[in-house]
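Colleague: Hi! Could you walk me through this model when you have a minute?

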Amino acid sequence: MESGSSRSKWGTLLSCSLSCFVVWLDYAIVNTALPAIQNDLSASFVQLQWVMNSLSLALTVLIVTLGRLSDHIGRRMMNVIGVSCFGLFSLLAGFAESPGWLIFYRFLQGAACAAIIPSALALISHAFPGEEKGKAIGIWSGISALGMAAGPAVGGFLVSALSWRWIFFINVPFALASAILSAFFAKESRLETGGQKIDIKGFILLTLGLSALVFSLMHAPDWGWDSEKTLLLTLGALIFLAWFYLSERHSPAPIIPFALLFNRAFFYPTCAMIGLVFVFASNLFLIPLYLIQIRGEVAYQAGFMILSITACIALLSPCVGRLMEKISAKTLMIIGLVLFGASTLLQAFFQVDTSLFFVLASLILLGIGWGIARTPATTSAIASAPHQFAGTATGVLWSIQNASGVLSIAIILTIFRKIFEAGSTPESFMAGYQTAMWILSAVTLATILTISLFMRPNPNQP
């Protein structure tokens, strides 16, 4: 019996890690293919942003609701459905013949991701007892990060040797394997609701509010931050989200239990993730452009250079999970954020002809910082939630941090484009890049101060 239980536990970890591996593989692999997609489909700069942001839009808008839904209908069922759909939509994205269709299929990929991530983390949280949870999530982070690590190099190879379309085709076998493993090994778990149903009104209000907010952030750089469209969408978002909050306070089965959201043990690790994702999202968008368009690296060379970031994340994440048994999550978060900030500071001094050693050192620091800070932040936030809200907590955490990534790309790329397009030269590109890095360094510093001053260490850790 114990052997069967152990096999189920580790089988669950493998299947859930593989499902998130393919998500991160897709996210990281697309960056190196952006120039090829732009040339082949005649995509504009704005359309390239949407190739990245459409996935983030769907993920941000739907992950809370699908996380809550997975608590009700079953996390294993949601995980299998999500991974299967992700494989299908990846196949369709590979056959896209226009930027519009590619953006649409990327949106559907994001919807599938919104089903995968909360169900995977909830299944792992259910399978492993409290003392093993940090180690399990560290292993999950490491395997997931292998997708991020492999993405740039694999993407660069596929684009150079075959076609950008293969960056989507490659997802299909991984998605199929993950769905089969999850169906066979993961134990079904769900919230015993006693007849409670999903709050449909809350779902509609949250979806409308988040959609309006994220859509306004994505289009604000082109419409103008003070344009009528931007202001109306932002106002609509605030109205729907305020209505959602008031409605959920009196709902017998709220989409988001706000006691969880305002719990200090959940709130401050979430703040750390907001800062990390804000910096990482726009940084990972700009780095390939710098390497390929300014330094003149070909796609596979740029992919291997970005591999220095993602390989550090993949190697460190499992080790950090074990370190949490000896070092407090707060301390690890601060160490990671300091290294993260050191990277953006170094990048603020990049020039057209910066030495390869300097560039690689900066990228490695970025990967080390993320690898050290992410696991304790995620583990602390998820562990602070009662088990019955594991899917919900994961959905809330990812929705907030993805909104942070969308906000980052909207703000940072607006500033970058204003400076770059004023001259449209390598020098103006670098001026925009350097300004962006100074801003990201300031955001990292603010995150470090917030965690240092206000987060209380977990009393159950050293």
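This is a predicted model: local features need pLDDT of at least 70, side-chain atom pairs count only at pLDDT 80 or more; totals for chains, interfaces and linings use all residues.

Colleague: Great. How many helices and strands are in the chain?

Modeller: The chain has 16 helices and zero strands. Both are DSSP runs numbered from the N terminus (helices H or I, at least four residues; strands E, at least two).

Colleague: And what share of the residues counts as buried?

Modeller: 59% of the 462 residues. Buried means under 20% relative accessible area, exposed over 50%, and partly exposed in between (1.4 Å probe, protein chains only).

Colleague: Which residues touch the most other members of the largest nonpolar core?

Modeller: Leu102, Phe280, Tyr290, Ile309, Trp370 and Tyr433, out of 129 residues. Such a core is a set of buried Ala, Val, Leu, Ile, Met, Phe, Trp, Tyr and Cys residues joined through side-chain atoms within 4.5 Å.

Colleague: Which helix gives the most to this core?

Modeller: Helix H11 (residues 264-294), with 20 residues.

Colleague: What does Tyr290 touch?

Modeller: Leaving aside residues up to four places away in sequence, its partners include Phe350, Phe429 and Tyr433. Contact means heavy atoms within 4.5 Å.

Colleague: New topic: where is Leu449, and is Leu449 buried or partly exposed?

Modeller: Leu449 sits in helix H16 (residues 426-454) and is partly exposed, at 44% relative accessible area.

Key: Residues are numbered from 1 along each chain as its sequence is written. Side-chain values use heavy atoms; hydrogens and water are left out.
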